[in-house]
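Morning, everyone. Let me put the structure up, and then I'll walk through some side-chain packing.

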Amino acid sequence: MSVYEKTYEVIVVGGGHAGTEAALAAARMGAQTLLLTMNLDTIGQMSCNPAIGGIGKGHLVKEIDALGGQMAINTDLTGLQFRRLNTSRGPAVRASRAQADKKAYQFEMKFACEQQERLDIRQGMMEQLLVEGGRVQGVGIKGGVVYLGRTVVLTTGTFLRGKIHVGDFSYSAGRAGEGAAEKAAEGLVALGFEIGRLKTGTPPRLNGRTIDFKAMEEQPGDEPPRPFSYEIEQITQPQMPCWITYTNHQTHCLIEENLGRSAMYGGHIEGIGPRYCPSIEDKVVKFRDKERHQIFVEPEGRRTLEYYINGLSMSLPEELQHSIVRTLPGLEKAELMRPAYAVEYDYASPTQLYSHLETKRVEALFFAGQINGTTGYEEAGAQGIMAGINAALKARGEDPLVLDRSQAYIGVLIDDLVTKGTQEPYRIFTSRAEHRLILREDNADARLMELGRGLGMVKEGVYQRYLRKRDQVREEMQRLEAQRVRADDERAREVLAQCDSAPIKESASLAELLRRPELGYEQLVRIAPPPVPLLPDAAEQVEAQIKYAGYIERQQTQVDKLKRLESMRIPEDFDYQACGKNLSTEARQKLAQIRPRTLGQAGRISGVSPADVSALMVLLHVRQGRG
């Protein structure tokens, strides 16, 4: 065994979406950082769908970007198609999604890591966590080299005892063509971590030359495409279309007849799969009333004819996959380039973490990504950036950064994990946030960029652009409240008539017009344009702030009330068992296991009732009085 000459402040194990964000965040904060990965050529690899964003997920990406992360920039540089989802619905659920060039995304992320100052990159498989006196000291890799570090961030993805299944055929792997991390999983068990088993899957990839696109519905991107990142002002590369087809009765019959040959239904898989991204076997079995299921045919890159068949993940034998694929319109002559497969892997129950993602069992050890039971690139990246930030802060001896549920979807995600845990792959949704009207995509920078700037992660040019947008929003809101439109204004009459909106009977402010359900900011600009056109995000923010002012104010009032509970800290050494009958038996057990930071977090633990929270509040007051 040899010890590497440099001692790092942060060591990140794993080069996926959590690992790259963690390593870049720590290095950008000034920490000497090591990114250790099994294969340098798969840094930032998109193992499943080469797409970023979606409902809830797009919010996470904007927040990562506002803090100074890389995911949004990478998406804008390599995107094939950009779309805004739910544009006809309220601002809380509008979201961005982009199809990315799979290989270009991977290479751009690798290059971003390679050129980042204070970040070293090494290829190697971790086999040992070095722990002394309850604190992590570094990692040992296969081959005998030891890297010492003040903190370690584990982002192991699906590689902890990963096992791939295709029908009744299975083999050890964390991803097709890559080995699993067996000893690392054994090391976590030896340290006393509670380990569970989860499952995910990926659909087949097809040769585009064998697809009949004329038999499918074309799904174009938005024009003009809107960038994800606050750093990118314009998307310049041309967009590519995606396509839509459907399963049918023949598809469903073929699957039902062969359920016993599925790895999942044949009893070969013990891990629990994702509820909100089910395999096609699950869809056919659980939704028998559905005559068809929508399938998206999406390009994997500009320099490849490989297509991703979104919605058709399965664990059936490869020869049967050919037959199933060919029942879909447009895919009658399709050829598989890669078969679909299921992969199951170990994860550590996230209730073993503090809210800043440091483990309770081993000091200075952080977990991020699928090791915490999540699914999705965006969820991984969000945890990664927070784990990297907090590892760097820990190495400096500074207090951790915790985002609360009213501050960011990242806060919702992490609080859900560490407070409630998960027994199935967790993914974010807008419905998980109580204050989602406050947590919109358009104001992610207003919520988080000052924090990112304070950490040293946000570039000066990006910050100045944010200040310009902030000023635009403030000045435009003032203008809309102050400027009035007369009842005889011809342009206003024309626009209102086109929108089936009632004519003005007496003068009204522009803000009053904007509050009409049938009018948007776009129509207001036609009536009375601002002196200078607003940035797209600024216009969206102005519209949301004015149109939904009453709802936003109500949510903010709720947030302010809840902050009283969130501000009441619970001492780390608080003895819940000594509370006796003041707390229910279940509450004592759950509180002792999770050890919430605050009274607010305690109230979100399953099994802790409002009566338990009230009793706990009294007990804390009594303890403080004695102190």
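Start with a charge over a ring. The charged end of Lys62 sits over the ring of Tyr230, 4.5 Å from its centre. Keep in mind that this is a predicted model. There is another such arrangement at Tyr246. Arg292 lies over the face of that ring, at 3.6 Å from the ring centre.

Now rings against rings. A search of the whole structure finds nine aromatic pairs. Take Phe193 and Phe367. Their pair is tilted, with 5.2 Å centre to centre and 50° between the planes. Where do Phe193 and Phe367 lie in the chain? Phe193 is in the loop between α5 (182-190) and β12 (195-202), and Phe367 is in strand β20 (residues 365-367). That links distant parts of the chain, 174 residues apart. Both Phe193 and Phe367 are buried.

Next, Phe213 and Tyr307. This pair is also tilted: 5.2 Å between centres, 50° between planes. Phe213 lies in the loop between β13 (205-207) and β14 (217-219), and Tyr307 lies in strand β17 (residues 306-310), so the pair ties together parts 94 residues apart in sequence. Both Phe213 and Tyr307 are buried. One more item on rings: Tyr4, Tyr8 and Tyr147 are linked into a cluster by ring pairs.

On to helix α6, residues 249-257. Thr251, His252, Leu254 and Ile255 are buried there. Why do they fall on the same side of α6? Because they cover an arc of only 160° around the axis. What do the buried residues of α6 pack against? They pack against α7 (280-286) and α8 (318-325). The face turned away from the buried side carries the exposed residues His249, Gln250 and Glu257. At the N-terminal end, Asn248 caps α6. A side-chain oxygen of Asn248 lies 3.1 Å from the backbone nitrogen of Gln250.

Now the nonpolar cores. In soluble globular proteins, nonpolar side chains tend to be buried together. Here, the largest nonpolar core has 101 residues. Leu154, Met386, Ile389 and Ile410 have the most contacts inside that core. Which helix gives the most to this core? Helix α9 (residues 377-396), with 10 residues. Look at Ile389. Leaving aside neighbours within four places in sequence, Ile389 is in contact with Ala25, Met29, Leu401, Leu455 and Met457.

Last stop, helix α11, residues 444-454, where we find Arg447. Is Arg447 buried or exposed? Buried: its relative accessibility is 15%, and the cut-off for buried is under 20%. The side chain of Arg447 reaches the backbone oxygen of Arg440 at 2.8 Å. Beyond four places in sequence, Arg447 touches Glu63, Gln407, Ala408, Tyr409, Ile438, Leu439 and Arg440.

Leu451 is in helix α11 too. At 26% relative accessibility, Leu451 counts as partly exposed. Its contacts, leaving aside neighbours within four places in sequence, are Leu67, Leu401, Leu403 and Gln407.

Technical notes. Residues numbered from 1 in each chain as written. Predicted model: local features only at pLDDT ≥ 70, side-chain atom pairs only at ≥ 80, totals over all residues. Heavy atoms only, no water. Helix = DSSP H or I, 4+ residues; strand = E, 2+ residues; numbered from the N terminus. Buried < 20%, exposed > 50% of the residue type's maximum accessible area, 1.4 Å probe, protein only. Polar contact = N/O pair within 3.5 Å; in protein donor to acceptor, adjacent residues only side chain to side chain. Contact = heavy atoms within 4.5 Å. Phe/Tyr/Trp six-rings, centres within 6.5 Å; stacked < 30°, edge-to-face > 60°. Lys NZ or Arg CZ within 6 Å of the ring centre and 35° of its normal. Arc of directions from axis to C-beta. Core = buried A, V, L, I, M, F, W, Y, C linked by side-chain atoms within 4.5 Å.
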